[in-house]
Amino acid sequence: MIGKSPASQPQTLHQVYIAGMGEKRFDISIRDGRFASITEADPRRPAEPDQAAREIWISPGVIDLHTHLAWTDFDHADQLKRDPHEVEVMQARAFEATLRTGVTTARDAGGIRPGTVRHIVEHYGQPLRVQTCSDMLGAADARGVQHLGRRLSEIYETGAGWVKIMATGGLGTPAEQVLDPNFSEAEFRFIVRHAHEHHKKVMVHTWGGVTVDWSIAAGVESIEHGMFLTADQAGRLAEAVGAFVPTASIYRIAADPHGVLGLPPVIRDRAARAAEAHPKALAYAMCAGVRIGFGTDYATPALHGHNLQELDVLKDYGLSWADAWRAATGTAAEILGSGGELGKIAEGYVADAILFDADPYRAQTAAELQKSIVSVMVGAG
Ligand SMILES: [Zn+2]
């Protein structure tokens with residue numbers, strides 16, 4: 001049974017299990033969109049009539065650290081052919097699908113502006129919490145620091161909290177060039193310093209190579225994709241308390257000739273190469289103790305709402321199910337700098353949560369997890 005309205009907020013939950021906290025049941029009250037009190041339930045008291053038939057588990061809402069909610073097509077040129085209203089309706093559907101799967105907070109990795117988020121939340125009643133970077137800085141912006149300063153000011157004016165640097169190419173780049181930096185080191189350092197001086201956080205798209213070293217040295221908040229991360233870099237990244245958001249599942253989907261993206265063979269080959277490298281990068285990161293965050297890079301209607309699939313791939317690549325789950329909740333909240341109010345079922349925390357009719361820590365697959373979702377709640381804050 002899948003979710004009711006994400007906005008439906010029971011005021012008190014009786015005798016629920018908190019996912020990952022064992023066999024005890026709790027009574028949880030919610031006030032003003034936050035968990036007001038969490039007390040161990042009296043085991044002698046009978047369960048509420050509506051809960052008598054089933055047991056309920058609560059977990060924090062999932063945090064997807066890498067989505068593209070504004071994009072409607074794999075190729076941006078296809079989006080430009082669409083009517084603007086159609087695009088807006090599709091974006092609202094992306095919010096809806098993302099919420100329904102249990103994602104209550106998303107960090108958009110490029111394409112959506114805070115004004116659009118507000119409009120969709122209010123006008124379409126889809127209360128997804130979204131942190132944004134508005135536009136991305138890429139190869140076309142490698143025109144010196146003056147130009148970059150202007151671009152950064154434009155981004156700050158939109159109200160974005162993050163700056164996204166496309167430090168290397170991606171699926172559109174031939175394999176032998178994909179680790180080449182898009183910016184000079186001086187430009188890269190300028191962007192990160194400028195962003196931090198303006199209290200913005202920095203996320204860096206990099207497949208690997210020297211831009212990972214620059215990211216670590218500059219103290220960026222997170223490295224995205226990073227499939228060619230080395231053991232040495234993982235060690236330094238852990239020391240610098242940087243985060244790694246591998247977005248692992250999308251490369252498998254992109255490599256699949258029968259996958260929903262239906263990409264041409266040359267792109268599929270590049271994706272396959274990325275997917276082949278990812279398990280090693282994750283092994284280095286785990287071994288070094290790097291903070292690993294859950295992010296999907298999902299960007300089209302066929303993918304929004306399937307975000308939990310990333311858990312399957314993280315598990316395939318060596319994370320325990322509990323670690324993958326933490327990457328999607330508590331650790332993701334820390335990476336956002338919101339570890340004090342998101343990603344945990346605790347008093348004072350924002351009441352973003354998923355209710356399940358089976359223990360989510362015992363699920364074997366994302367599909368099983370998805371099926372056990374009873375409802376999704378979004379708190380306030
Ligand atoms: Zn992305």
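Tutor: A residue is called buried at under 20% relative accessible area, exposed at over 50% and partly exposed in between, using a 1.4 Å probe on protein chains only. The model is predicted, so local features need pLDDT of at least 70 and side-chain atom pairs pLDDT 80 or more, while totals for chains, interfaces and linings use all residues. Residues are numbered from 1 along each chain as its sequence is written, and side-chain values use heavy atoms, without hydrogens and water.

Take His194 to begin with. His194 counts as buried because its relative accessibility is 14%. The residue belongs to helix 5, residues 185-197 (a helix is a DSSP run of H or I with at least four residues, a strand a run of E with at least two, numbered from the N terminus). Leaving out residues up to four places away in sequence, His194 touches Gly149, Leu152 and Tyr156 (heavy atoms within 4.5 Å). With Tyr156 there is also a polar contact between the side chains, at 2.8 Å (N or O atoms within 3.5 Å, one able to donate a hydrogen and the other to accept it).

The zinc ion has as protein donors His66 through NE2, His68 through NE2 and Asp297 through OD, at 2.1 to 2.2 Å (donors are N, O and S atoms within 2.8 Å of the metal, or 3.2 Å for Na, K and Ca). Along the chain, the spacing of these donors is H-x1-H-x228-D. His66 has a relative accessible area of 1%, so it is buried. His68 has 2% and is therefore buried.

Next comes the sheet that contains strand 5. Three strands make up this open sheet, in the order 5-6-7, with parallel pairing (two strands pair if DSSP finds at least two bridges between them). Strand 5 (62-67) and strand 7 (129-131) are its edges, each pairing on one side only. From one strand to the next, the twist averages 20° (axes are lines fitted to C-alpha atoms, and angles run from 0 to 180 degrees between N-to-C directions). Asp64 has Ala106 of strand 6 as its bridge partner.

Another open sheet has 6 strands in the order 3-2-1-4-14-15, and its pairing is mixed. Strand 3 (34-40) and strand 15 (373-377) are at its edges with a single partner strand each, so one side of each lacks a neighbour in the sheet. Strand 14, residues 353-356, and strand 15 run antiparallel and are joined by 4 bridges. Opposite Phe356 stands Ile373 of strand 15.
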